[in-house]
Amino acid sequence: MLNWLLLPFQPDVPALRLFQYISFRAAGAAVTALLLAFIVGPMILRRLRALAVHQVVRAGTPDSHQSKGATPTMGGLIILVAAIVPTILWMKLDNRYVWYAVFVTLWMGGIGFLDDWLKLQQKRRGEKNVGLIERYKLMGQVGIGAVLGLLLWQFPLSALPGASTTLPFYKYVLLVPALPWMSVLYIPWVTVVLTGASNSVNLTDGLDGLAAGLIAIAIITFAIFAYVMGRVDTSAYLGVYFLRGAGELTIFCSAVFGAVIGFLWFNAHPAQVFMGDTGSLALGGALGAIAILLKSEFLLVIVGGVFVAETLSVIVQRSVFKYRKQRYGLEYAQQHRVFKRAPIHHHFEMIGWPETQVVVRFWILGIFCAFLALSTLKLR
């Protein structure tokens, strides 16, 4: 928006030509988002406290988490405000890449907000805090995935086929359906990626600052990929496909990065506020949407390696428990779990790691995954 508003004045004020550069606008979006988070954060936090919007402690979590029931949740509102407003201010308004990412983020955030709000209302009525029924939440996630997949399939954003994706570590390898009629399978593919990404971040959001820090690492990594793929020269030099207009996603990624870092100011241990499903589903949706838009769905597995591990720990725990329960009985299954608690970050708490140690070590693993993903730009 700022680029469009200041365009008439650029001939007379040469310094305003900086707004033509993605790198400058990305930095501006990150700084704006960070400052906006610092401004709106205390206001939203006071409002959440006044409404007594407290965290619902999940069953099976370590005893040290029981005191967190008095901490406000729905802090994801801070992230949404601090990320979306700067994105619109610093982006080019005619870029469909960014608008798709913004819409998915807001949609997923809306699902999370409804879930958090229903939990609040149920708590006030003395009912069981189940929030939004799982099948309705899944319907909302699948719905936006289907819409995004259909749009990208029928109205490609670049010269590449809409129903296609790339492979990391391979130079100019494009995966496309073998037969034209199989292109429709791209819609469920996008749905699975988007739903999986949003739920993975939601599962990871269990310790103070854990999900926020990991998202910051992952999103700034994708900002680099968006910048590279959006430039003819760098994409040709590094052997990746050029996606015209994808560079604007750098603005969105930078804004989300700034917003998450600003939120981390309030979410660092001991947390003053939790992001809740409002934030975790929105951020997971944003991460999944960026990977899909950049045709880098497989790269998401590397960038979000910690999120993948968290999700797999839950799947393994539940699957093995059900199998052992059916074969050996409930008591045996309870005594012979794969992990002491799932997701896996609770397992490490149960074996004696302090919460802050788990968070920092998982951040380090997230940085390792980011470096591994960035290495794919050259190892081709």
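Guide: A salt bridge is a side-chain nitrogen of Lys or Arg within 4 Å of a carboxyl oxygen of Asp or Glu. Please note that the model is predicted.

Visitor: How many salt bridges does this rule give?

Guide: The cut-off applied is 4 Å between the nitrogen and the carboxyl oxygen. One of the pairs is Asp233 with Arg231, at 2.8 Å from N to O. Counted by this rule, the salt bridges number seven.

Visitor: By about how many helical turns are Asp115 and Lys119 separated?

Guide: Their side chains form a salt bridge, with 3.5 Å from N to O. Both Asp115 and Lys119 are buried. Because the two lie four residues apart in helix α4 (residues 96-124), their separation is about one helical turn.

Visitor: Which helices does the salt bridge between Lys137 and Asp277 link?

Guide: The closest N and O atoms of Lys137 and Asp277 are 3.3 Å apart. The pair links distant parts of the chain, 140 residues apart: Lys137 belongs to helix α5 (residues 134-154) and Asp277 to helix α10 (residues 276-293). The helices asked for are therefore α5 and α10.

Visitor: Is Lys137 buried or exposed?

Guide: Buried means under 20% relative accessible area. The relative accessibility of Lys137 is 7%, so Lys137 counts as buried.

Visitor: Is Asp233 buried, partly exposed or exposed?

Guide: The partly exposed class lies between the buried limit of 20% and the exposed limit of 50%. Asp233 has 43% relative accessibility, so Asp233 counts as partly exposed. Its salt-bridge partner, Arg231, has 32% and also counts as partly exposed.

Visitor: How many disulfides does the model contain?

Guide: A disulfide requires two cysteine sulfur atoms within 2.5 Å. The sulfur of Cys369 is 17 Å from the closest cysteine sulfur, that of Cys253, which is too far for a bond. By this rule the number of disulfides is zero.

Terms used:
Residues numbered from 1 in each chain as written. Predicted model: local features only at pLDDT ≥ 70, side-chain atom pairs only at ≥ 80, totals over all residues. Heavy atoms only, no water. Buried < 20%, exposed > 50% of the residue type's maximum accessible area, 1.4 Å probe, protein only.
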